[in-house]
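Subject: The structure I promised

Hi there,

Here is the structure for you to look through.

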Amino acid sequence: MKIASAADLETARQAGLQKLQPGKPQIAVGLATCGIAVGGNKVYERLREIIERDKLDIILTKTGCIGYCKEEPLVNITIPGKPLVILHKVTEADAEEILKQAGKGKVPEKKALCRIPSWDHVTGCKIEYGKGFIRIPLYEKVPFFEGQQKVILRDAGLINSEDIDEYIAVGGYAAAMKALTGMDSETIIKEVEKSGLRGRGGAGFPTGLKWRITRDTKADKKYIICNADEGDPGAYMNRNEMESDPHMLIEGMIIGAYAMGASEGLIYIRAEYPLAIKRLKLAIGQAREYGLLGNDILGTGFSFDIRIATGAGAFVCGESTALVASIEGRTGRPHPRPPRLTDIGGGLYGYPTDLNNVETWCNVPVIIMNGSAWYARIGAKGNTGTKVFSLVGKVDRVGLVEVPLGTTLRTIVSDIGNGGANNKKVKAVQTGGPSGGCIPFRLFDTPVDFENLNKAGSIMGSGGIVVMDEDTDMVDIARYFINFATGESCGKCVPCREGLKHALLLLNRILAKKGTQKDIETLALLSDTIVATSLCGLGQTAPNPVLTTLAYFREEYDALVKP
Amino acid sequence: MTPGEADSTGVPVKQVTVTINGKKYPADEGEILLGVAVRNNIAIPHLCYEPSLDPYGACRLCMVGVVKHGKQEMTTSCTLRAAEGLEVVTDTPEITKHRSILFELYLAEAPKSEVIKEMAARYGVTKTRFLKKFDTTDSLGNKCVLCGLCVRACNEIMGAGAIGFINRGPYTVVNTPYFEPTKDCYGCGACVKVCPTNAVEMEDAGDTRVMKSWSTTKVPLVQCSGCKEYYAPKGLAIATLARINPSLKEEIAVLCPACRGKRIAREEILAGSGGAGNHG
């Protein structure tokens with residue numbers, strides 16, 4: 001079926017709603033990589049076996065991940081007329097009981113994490129599930145979810161990400177329809193500019209401006225690329241966004257391509273994300289079938305298609321020029337800018353190219369659908385919208401957290417994350433992955449936005465927050481990240497290749513208690529030079545873990561060396 | 001290309017004035033600033049710059065401060081392009097500080113390179129605080145600084161691609177694929193010529209040129225039928241002769257350039273024409 005009108009989209013929407021609320025009990029197992037890793041597949045198989053064995057009139061399906069990693073595997077039960085109930089820490093052994101209860105229109109309440117009577121999918125679509133199960137806590141009363149605001153993750157863990165109909169059911173592709181049939185390039189770019197959206201890959205460059213520059217560069221052909229090379233240790237926001245809601249990304253790219261006049265899009269994704277790749281391929285295929293990709297999209301005459309380029313998982317390939325080199329089949333090594341990707345001769349195969357992070361693209365449909373004014377009200381001035389963070393490390397509640405920009409670290413770590421795991425005291429967090437820095441507990445009132453994190457010596461990065469507790473050795477943390485960056489350096493420029501190697505050697509010496517105060521001084525000087533003289537962002541930010549631990553935890557260094 | 005000359009499209013290049021350390025210099029618009037400095041004998045240390053190759057920006061030694069709104073921003077002069085009003089300063093305290101650390105890193109990376117030692121000493125760095133590399137198996141004799149000039153010359157100028165970077169980060173080395181002798185090497189020696197630290201070695205032994213640094217790749221040489229000297233790599237000689245149109249006469253083609261000149265001169269004299277003969 002090709003969707004060529006609003007009426008066609010509505011037909012697909014109705015079909016999707018039927019799948020979302022089929023009028024009989026439905027069980028959906030959270031099967032993103034995280035859910036699978038803790039046994040979600042086994043739960044799914046066991047449920048399937050029993051349903052077949054007993055010929056139960058219960059529908060079994062899959063969903064993505066709602067982000068509460070600590071409680072996985074998660075299983076959703078929808079009983080007609082009743083709230084959607086999320087069960088947590090489900091094992092194969094629970095399958096019989098779940099199905100028995102579901103058959104009777106009930107849920108195993110002891111296993112229940114929360115109930116959702118109705119859910120706002122933000123893009124103008126609210127799903128009413130029903131009333132009842134009042135002994136189960138409401139979703140918004142669960143401390144982990146309480147402080148969150150789901151905009152990007154609005155569908156994650158609630159729809160089947162392998163079914164385009166369910167995405168359309170919750171308002172999907174309505175933004176593409178709105179943009180392609182009722183807005184011109186200038187209007188869309190103005191909307192994105194006015195929304196204040198900034199690049200979610202870490203640098204925070206205004207997205208609308210980047211789009212404008214790309215559009216205004218004159219060329220026969222233009223590309224848009226999605227950077228899905230998420231490589232920070234402990235960061236997996238993009239993976240979940242793609243696994244749990246791949247169509248949101250595709251829709252964002254369609255709108256962007258239309259606004260910038262690009263006919264081809266690529267998603268550059270690391271090969272270590274096989275499930276995300278599989279689901280994206282599936283989603284792209286479905287979108288083509290529905291006429292949302294390919295020639296004459298939505299009957300508007302606009303043509304655009306997306307293909308997937310896989311990378312071998314080199315951290316440096318997240319850098320724009322190295323990423324393009326990698327797609328072209330060359331070694332992933334950055335080159336000096338200019339030329340920038342948006343310049344003629346600088347982008348993919350020499351054509352002007354717009355590169356945005358997964359989450360940046362994911363923000364587009366909601367901006368178009370709800371308007372820039374709505375979007376700009378979320379978050380802080382100059383830092384609008386929400387941001388998804390992966391809250392990991394020695395924190396009690398591990399998971400994906402989506403909050404408005406400008407939320408303090410304290411809210412994220414202490415309230416949503418409930419502080420240290422096993423009642424330990426939190427000492428610091430590392431934001432921004434290996435390019436970021438460690439922020440001590442005493443600075444936890446820092447609002448998480450691009451500028452304030454920079455002021456604290458760290459960066460936003462793509463959104464990893466690694467929590468360290470009182471037992472964490474901060475010098476060892478610095479060594480861990482420098483070791484990572486050393487291994488991921490492409491080896492082109494001297495400060496990064498040689499400088500990081502020697503920083504690692506110095507840290508090893510200090511940690512082996514063979515260092516001196518002089519070694520600490522050398523380490524500090526060397527770090528400054530690496531920051532100041534490296535060719536690309538990897539080297540320029542790699543010493544941040546050393547510089548911040550030296551600034552905030554100098555006593556830990558001093559304790560390791562002879563006076 | 002000297003200033004004011006037309007480029008390959010025949011359009012005259014716009015002239016601009018750039019300021020280096022307070023003095024004004026003429027330059028072509030878009031010209032690499034390091035090139036302007038080199039032409040005017042302004043000392044800016046550099047290792048990976050070669051005018052015939054694209055800007056690369058890897059050695060980081062040619063840092064200059066770009067003066068803008070009273071502030072200085074550090075950048076590499078080999079990637080900086082001349083524009084009207086561009087003002088840079090060299091050797092600021094900030095540049096000197098970072099460059100000294102970079103020289104220390106170079107002294108540790110290429111401890112056997114006399115070129116590096118001399119260059120560092122010119123900028124007052126004679127010792128390194130960092131652990132010196134010592135690798136007895138290094139085919140480049142602990143002299144390579146991975147500036148990439150050999151790889152780029154081989155690939156971009158010669159179109160051979162016989163050598164490349166292997167591994168990445170601090171494990172990066174330059175050599176032939178799989179450290180095996182390669183048929184892709186012409187034996188032209190461009191790599192030896194461009195190497196700023198004299199790390200790349202080759203040796204002619206009788207009828208063979210041995211690329212000592214590149215997995216002892218052996219390239220046959222061609223012998224002059226006149227003086228019997230081996231004068232050029234065989235493959236390169238054949239390829240070069242094939243490009244001459246009209247082609248050389250057989251008895252001239254088998255001679256080395258020196259003998260060729262003598263032969264032609266003798267023929268001219270014997271012919272007594274006193275003018276240019278036809279040797280095609």
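Below is what I found, taken topic by topic.

Before anything else, please keep in mind that this is a predicted model.

**Where the two chains meet**

Let me begin with the contact between the chains. On one side are 24 residues of chain B, and on the other 25 residues of chain A. Which element of chain B gives the most to the side that touches chain A? That is helix H2 of chain B, residues 93–109, with seven residues. Sorted by class, the side of chain B that touches chain A holds 15 nonpolar, five polar and four charged residues.

**Two helix pairs in chain A**

Next, have a look at helix H3 (residues 40–53) and helix H4 (residues 95–103) of chain A. Their axes lie 9 Å apart, and the helices pack at an angle of about 55°. H3(A) and H4(A) are therefore oblique to each other, and H3(A) passes H4(A) in a right-handed crossing. From H3(A), the contact is made by A:Val43, A:Arg46, A:Leu47, A:Ile50 and A:Ile51, while H4(A) brings A:Ala95, A:Glu96 and A:Leu99. Of the residues in this contact of H3(A) with H4(A), six are nonpolar and two are charged, with no polar ones.

The other pair is helix H8 (residues 185–195) and helix H14 (residues 358–370), also of chain A. Here the packing angle is about 105° and the axes are 10 Å apart. Because an angle from 65 to 115 degrees counts as roughly perpendicular, that is how H8(A) and H14(A) stand to each other. The residues in contact are A:Ile188, A:Glu191, A:Val192 and A:Ser195 on H8(A), with A:Val364, A:Ile367 and A:Ile368 on H14(A). By class, the contact of H8(A) with H14(A) has five nonpolar residues, one polar and one charged.

**A cysteine in chain B**

Finally, please find B:Cys144. This residue sits in the loop between helix H3 (114–122) and helix H4 (149–157) of chain B. Is B:Cys144 buried or exposed? B:Cys144 counts as buried, because it has 23 C-beta neighbours inside 10 Å and 20 or more are enough for that label. Leaving aside residues up to four places away in sequence, B:Cys144 touches B:Ala110, B:Val174, B:Thr197 and B:Ala199. One of these, B:Thr197, is 53 residues from B:Cys144 along the chain, yet their C-alpha atoms are separated by 6.7 Å.

Happy exploring, and do write back with any questions.

Best wishes

Methods
Residues numbered from 1 in each chain as written. Chains lettered and ligands numbered in written order. Predicted model: local features only at pLDDT ≥ 70, side-chain atom pairs only at ≥ 80, totals over all residues. Axes fitted to C-alpha atoms, helices over the stretch in contact; angles between N-to-C directions. Helix = DSSP H or I, 4+ residues; strand = E, 2+ residues; numbered from the N terminus. Parallel < 35°, antiparallel > 145°, perpendicular 65-115°, else oblique. Contact = placed C-beta atoms within 7 Å. Nonpolar A, V, L, I, M, F, W, Y, C, P; charged D, E, K, R; others polar. Buried ≥ 20, exposed ≤ 12 C-beta atoms within 10 Å, placed from the backbone. Left-handed = near helix turned anticlockwise from the far one by under 90°.
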